[in-house]
Amino acid sequence: MISQRTTKEAQIAGRLLPLARMWRKLADEALEAQGLSAATAWVLTHLGRIGPDARLTDLAEATEIAAPSLVRLLDQLIEQGLVTRTPDDHDRRSKKLALTERAAPIVAASERSLAALRHRILGDIDEETLAITAAVLERMSAATAVASAK
C-alpha cells in the first residue's frame with residue numbers, strides 16, 4: 001500500500017512541469033505587447049537589477065540560465081536595441097552588459113504585465129497559503145540545487 005505522503009509527493013511532482021509550462025505560456029502572452037518572451041523579460045529584469053557593467057557570468061548566475069542559452073537571448077536583445085555589450089577595459093576577455101535607454105520603459109511595462117498575471121493567478125489565494133507555498137518552493141529549490149550538484 002502506498003503511503004499518503006508518497007501520494008502527496010507524487011501529486012506535487014506531477015504538477016510541477018505542467019504548471020511551469022502553463023505559467024511560461026501565460027507569461028509569453030502577457031509580454032507579447034512589449035515584444036518580449038518570458039525568457040527575454042527575465043534577462044532584462046535581472047540585468048536592470050544588477051545594473052550597468054554586469055558581466056555574462058553575473059547575469060547567468062542571477063537568471064540561472066546557462067551561458068550558451070543566455071548568449072542567444074542577449075543577441076536577440078542587442079538586435080532589438082535593448083541591451084549593449086561593450087568591452088571591459090579591465091579584462092579584455094570579458095564584456096560588460098547594460099540596458100539601453102530604450103529598454104527602461106519596456107522593462108517597466110513588462111514588470112506591470114507580469115504583476116497583473118501574478119495577481120490574476122494568485123489573487124484569490126490567502127496570505128497565509130501564499131507564505132507557506134513560497135516557503136515550500138524555496139525549500140524545494142534548495143533541495144533540487146543540492147541534488148543536482150551531486
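**View 1. Where helix 1 meets helix 2.** In this predicted model, the axes of helix 1 and helix 2 come within 8 Å and cross at roughly 75°. Angles from 65 to 115 degrees count as roughly perpendicular, so that is the word for how helix 1 and helix 2 sit relative to each other. Look for Arg24, Ala27, Asp28 and Leu31 on the helix 1 side of the contact, with Ala38, Ala39 and Ala41 on the helix 2 side. Sort the residues of this contact by type and you get five nonpolar, two charged and no polar.

**View 2. Helix 2 from end to end.** How far apart are the end C-alpha atoms of helix 2? They are 18 Å apart, and this agrees with expectation because 13 residues (38-50) at 1.5 Å a residue should span 18 Å. The buried residues of helix 2 are Ala38, Ala39, Thr40, Ala41, Val43, Leu44, Thr45, His46 and Leu47.

**View 3. The largest nonpolar core.** In soluble globular proteins, nonpolar side chains tend to be buried together. Here the largest nonpolar core has 26 residues, and Leu36 and Val43 touch the most other members. Helix 1 (4-31), helix 2, helix 3 (56-63), helix 4 (67-79) and helix 5 (103-122) each give two or more residues to this core. Which helix gives the most? That's helix 2, with six residues.

**View 4. Zooming in on Val43.** Leaving out residues up to four places away in sequence, Val43 touches Leu59, Thr63, Ile65, Leu70, Leu73, Leu74 and Leu77. Val43 is also one of the buried residues of helix 2.

Conventions:
Residues numbered from 1 in each chain as written. Predicted model: local features only at pLDDT ≥ 70, side-chain atom pairs only at ≥ 80, totals over all residues. Heavy atoms only, no water. Helix = DSSP H or I, 4+ residues; strand = E, 2+ residues; numbered from the N terminus. Expected span 1.5 Å × (residues − 1). Buried < 20%, exposed > 50% of the residue type's maximum accessible area, 1.4 Å probe, protein only. Core = buried A, V, L, I, M, F, W, Y, C linked by side-chain atoms within 4.5 Å. Contact = heavy atoms within 4.5 Å. Axes fitted to C-alpha atoms, helices over the stretch in contact; angles between N-to-C directions. Parallel < 35°, antiparallel > 145°, perpendicular 65-115°, else oblique. Nonpolar A, V, L, I, M, F, W, Y, C, P; charged D, E, K, R; others polar.
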